[in-house]
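Subject: The structure for you to look at

Hi,

Here is the structure we talked about handing over. Have a look at it first, and then read on for my notes.

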Amino acid sequence: MKIQIINGPNLNLLGIREKSIYGDASFESYFTTLQQRYPNHELSYYQSNKEGELIDKLHEVGFDFDGIILNAGAYTHTSIAIADAIAAINTPVIEVHISNVHKRESFRHHSYLSANCKGIIVGFGLDGYRLALESLFAS
């Protein structure tokens with residue numbers, strides 16, 4: 001299977017920022033672990049702090065890949081444009097959040113993306129990406 005992982009704003013700072021919420025591992029090191037764990041699958045990783053670039057990546061892979069794992073960061077709570085991009089593509093998208101957004105500020109409790117996603121994984125740290133992969137592999 002071809003799976004694209006897309007991370008949004010500030011997730012390039014994993015391992016550095018707010019370690020009590022996001023942990024102390026970089027996503028790049030975790031991604032290497034995922035690639036080693038699933039050598040028979042083509043895993044790709046993309047990160048951008050820019051909303052339009054995230055939309056462009058969804059359009060680019062959204063018709064040819066078998067699955068997309070998306071952590072849109074704060075855009076989850078603000079971006080109708082990303083929600084529309086998910087609705088426009090054929091590839092199933094799983095929304096992932098490292099922290100349990102429902103235990104955080106109230107503005108993080110609403111996702112514009114969820115209604116257009118296959119499923120949502122929230123609050124399991126970086127392991128949420130593995131859980132999303134397992135879900136896509138089982139589909």
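Let's start at Thr76, which sits in the loop between strand E3 (67-71) and helix H4 (80-88). Helices here (H or I, at least four residues) and strands (E, at least two) are DSSP runs, numbered from the N terminus. One caution before going on: this is a predicted model, so local features need pLDDT of at least 70 and side-chain atom pairs count only at pLDDT 80 or more, while totals for chains, interfaces and linings use all residues. Residues are numbered from 1 along each chain as its sequence is written, and side-chain values use heavy atoms, with hydrogens and water left out.

Is Thr76 buried or exposed? Thr76 is buried, because its relative accessible area is 0%. (Buried means under 20% relative accessible area, exposed over 50%, and partly exposed in between, with a 1.4 Å probe and protein chains only.) Its side chain reaches the backbone oxygen of Gly73 at 2.8 Å. Not counting residues up to four places away in sequence, Thr76 touches Glu95, His97, His110, Ser111, Tyr112 and Leu113; contact means heavy atoms within 4.5 Å.

UniProt lists Tyr22 and His97 for "active site" in an unreviewed entry. Its positions are given in the numbering used here, feature names are shortened, and annotations may be inferred rather than shown by experiment. His97 is found in strand E4 (residues 93-97) and is buried, at 6% relative accessible area. The side chains of His97 and Glu95 are joined by a polar contact of 2.7 Å. (A polar contact is a pair of N or O atoms within 3.5 Å; within protein, one must be able to donate a hydrogen and the other to accept it, and residues adjacent in sequence count only if both atoms are side-chain atoms.) Besides Thr76, the residues that His97 touches include Asn71, Gly73 and Ile121, again leaving out residues up to four places away in sequence.

The same record places "binding site" (unreviewed entry) at Asn71, His77, Asp84, Ile98, Ser99 and Arg108. Of these, Asp84 is found in helix H4 and counts as partly exposed, at 49% relative accessibility.

Staying with H4, Ile82, Ala83, Ala85 and Ile86 are buried there. Seen down the axis of H4, its buried residues fall within an arc of 160°, so they line one face of the helix; the arc is that of the directions from the helix axis to the C-beta atoms. What covers them includes H3, E3 and E4.

Now for the charged pairs. How many salt bridges does a search of the whole structure find? There are 3, where a salt bridge is a side-chain nitrogen of Lys or Arg within 4 Å of a carboxyl oxygen of Asp or Glu.

- Lys50 pairs with Glu53, and their closest N and O atoms are 3.8 Å apart. Lys50 is exposed at 52% relative accessibility, whereas Glu53 is partly exposed at 32%.
- Glu60 pairs with Lys57, with 3.2 Å between the closest N and O atoms. Both lie in helix H3 (residues 51-61), 3 residues apart, about one turn of the helix. Lys57 counts as buried, at 13% relative accessibility.
- Asp127 and Arg130 meet at 2.7 Å, N to O. They are separated by about one helical turn because they are 3 residues apart in helix H5 (residues 127-138). Asp127 is partly exposed at 30%, while Arg130 is buried at 17%.

H5 itself has 12 residues and reaches 17 Å from its first C-alpha to its last, close to the 16 Å expected at 1.5 Å a residue; the expected span is 1.5 Å times one less than the number of residues. Its buried residues include Tyr129, Leu133 and Leu136, and the buried residues of H5 pack against strand E1 (2-7), helix H2 (27-37), strand E2 (42-47), E3, E4 and strand E5 (119-122).

Last stop: Gly8, in the loop between E1 and helix H1 (19-22). Gly8 is buried, at 0% relative accessibility. Leaving aside neighbours within four places in sequence, Gly8 is in contact with Gln47, Ser48, Asn49, Leu54, Asn71 and Ala72. Asn71 is also among the "binding site" positions in the UniProt record.

Cheers
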